[in-house]
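User: Good morning. Could we go through this structure together, step by step?

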Amino acid sequence: MDAVANGHKISIQGVTKTFSGKRGTVTALKDLSLDVEDGEFLVIVGASGCGKTTLLNLVAGFDAPTDGKILLDGQAVTGITPECGMIFQQYALFPWKTVQENVEFGMKMKRMPKTERLERAARFIDIVGLKGFEKNYPHHLSGGMKQRVSIARSLANNPKVMLLDEPFAALDAMTRQVLQEQLVRIYEKHRKTIIFITHSIDEALLLSSRILVMTARPGRIAQEIVNDLPHPRNADVQLSSRYMELKRTIWDSVQSEVMKSMEVETG
Amino acid sequence: MKVDSTAKSLTISIISLLIFIGTWELVCSMGFIEPLFMPAPSKILTRAIKLIDNGQLVVHTLASTRRVMVGFIVSSMVAIPFGIFLGSSRFFMAVFDPLISLLRPLPSMSWIPLSLLWLGITETQKYSIVFMGSFAPSLLYIIEATKGIDPLLIRAARNLGASKLDVMREVILPGALPQIIAGLKVMLGIAWTCIISAELVAAREGLGFMIMNGKEYFQTDTVLLGMVMISITVMIIDVVFRKFERRLLPWTR
C-alpha cells in the first residue's frame, strides 16, 4: 500500500472553501495547506467560526473544496469516505438502535457476516467500557456514554483516520477527563491517525502530538507546535514549567486571533 | 398516585356516560321526542340484539372493517416506500409534485362515480375508494416525516459507509416511523369516512349500507345502531393499532 505520492497520510493542498448565501460570500478557509503523518495525533485549536469544522467536513468528503485538493494516502478525496471516521459533538447515534446495533452499523453496511460483526462489536464495546449496556437504547445513556458508543462505532468500522469535531465539548469536566484518558489509551493501542478539533488549550496539550492554531476567518494556520510533553500527561506534567510555557504560547496566539475576529465582527 | 388519578378519571367518565344515556332514555320514554326522529337507547339495544341474532350486524361490521383494512393496508404499503423515496430525492419530488398537488384536494367522495363506472358495485370498487381517499394525504404525511430527520444522522450513516439506499432503509424509515405511524392513525379515520360514504352510495352490505337501508324503512334505531357500531369498531381498531405501535417503536419507551 505504498502508493503514497508524498508519504503523508493526509495532504491538504492549497484548500479554499467559500460559501455563498443570501448575505454574500463567506470565505471559511483560504489557501490552507497542511500534512498529517501516519499515526499522528493532530489537534487543531481555534476560536469558534474559524473554519475548523469546515476543514473536517472537507477531509471526510461531506463537502468539496472550492479550490485546492485533499489527498488521503495519495488519493484525492472525491466523496464521502468511510476511511475517515467522524465523531460528532452531538454523538449522532441512531436512537432506534441499541448500543450493540449502533456499533455494528458500519460493519453491517460492509455486509460483514453476522457472527463476525457480533464478535467485533462486543470487543469494541468492551474497549470503551460499556460492557453490560449492549441492549440499551441511546436515550437511556448519559452524554459521556453516548460519546463512547460513538467512538466504539467508529473504531469497529476500522477507519484509517479518525476525525473528532469537539467531541467532548458538551460533557462535564469530570466525564471529559475520563474520556480524554480513554481516547489516549485507544490511540496508543490502535495508532490511528487522528485529527481532533477543540477550543480547549488544555485538551490540546493533553492529547496531541502536534498542535495547530488556526486564524480567525478566513481560516489559515497561525502557529504550529510540536507537543513534546512526556507521557503519561498526569498532574505532574500539567504543573511543569514546559506545560505552562506551551500553554502561554498557544494562548497568546489564540487570543490575538480572537481579538482580530471580534474586530471584524464589530467593524 | 398515578394509578389512583387514572382510576378516578375513568370512574368520572363512566358516570358521565351513564348519565348521558340515562337522560336520553328518560327524555324518549317520557314522549318528548318522536321515536322516528330519535329512538331511545333501549330501542337501539333491542334492534342490536335482533340483528346479532340473525347475524346481520356481524356481517355488516366485518364487511366494512375488511374493506377499510384492505384499502388502507394497500395504500400504506405503496405510500410508505414511495413517500420515503420522494422525501429523499429532490428530483423525483419535483417530477411528482404537480400530480400529487392535483390529487390531494380531491375528496374520496368525488371518486365514487368514476370508480362505479370503472369497476361496478364490487369489492374492488370499495377498496379503490379507500385507496384513493387515503393515498395522497398519507403520501404527504410520509414526505413531511422524512424531512424531519436530523441531517446529522444521515451524515453519520454515510460516513460509516451506508449507500443512499441503505440510508433510506436504515435511517430515514426508522427515524420517520413515529411520525409516519401518527399520520397513519389519522389516515385510518379518513379511511373509515371513505368506506362509509362509498357504502351509503352503492353497496349490498356494510355499516354504511345498513344505515342507508335503515333510513329507507324508517328504522331510525337501525340508523343509530349503525352509527354506534362505526364508533365502537374505530375505537377497537385504535386500541389494536396502539398496541402494534408500541411494538414497532421499542426505543420510544
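This is a predicted model: local features need pLDDT of at least 70, side-chain atom pairs count only at pLDDT 80 or more; totals for chains, interfaces and linings use all residues.

User: Which strands does β1(A) pair with?

Analyst: Strand β1 (residues 10-21) of chain A runs antiparallel to strand β2 (residues 24-36) of chain A, with nine bridges between them. It also pairs in the antiparallel sense with strand β4 (residues 67-72) of chain A, over five bridges. Strands are DSSP runs (E, at least two residues), as helices are (H or I, at least four), numbered from the N terminus; two strands pair if DSSP finds at least two bridges between them.

User: In what order do the strands of the open sheet come?

Analyst: The order of its six strands is β6-β7-β8-β3-β9-β10 in chain A, with mixed pairing. β6 (84-87) and β10 (221-226) of chain A are at the edges with a single partner strand each, so one side of each has no neighbour in the sheet.

User: Which residues of α2(A) are buried?

Analyst: In helix α2 (residues 99-109) of chain A, they are A:Val99, A:Asn102, A:Val103, A:Glu104, A:Phe105, A:Gly106 and A:Met107. Buried means that 20 or more other C-beta atoms, placed from the backbone, lie within 10 Å of the residue's own. Their cover includes α3 (114-127) and α4 (143-156) of chain A.

User: Now chain B: at what angle do α8(B) and α9(B) pack?

Analyst: Helix α8 (residues 164-201) of chain B packs against helix α9 (residues 207-216) of chain B at an angle of about 45°, and their axes are 7 Å apart. The pair is therefore oblique, the class left once angles under 35 degrees (roughly parallel), over 145 (roughly antiparallel) and 65 to 115 (roughly perpendicular) are set aside. Axes are lines fitted to C-alpha atoms over the stretch in contact, and angles run from 0 to 180 degrees between N-to-C directions.

User: Which residues meet there?

Analyst: Those of α8(B) include B:Ile195 and B:Leu200, and those of α9(B) include B:Phe209 and B:Met212. Contact requires C-beta atoms, placed from the backbone, within 7 Å.

Technical notes:
Residues are numbered from 1 along each chain as its sequence is written. Chains are lettered from A and ligands numbered from 1 in the order in which they are written. A residue is buried if 20 or more other C-beta atoms lie within 10 Å of its own, exposed if 12 or fewer, and partly exposed in between; C-beta atoms are placed from the backbone. Two residues are in contact if their C-beta atoms, placed from the backbone, lie within 7 Å.
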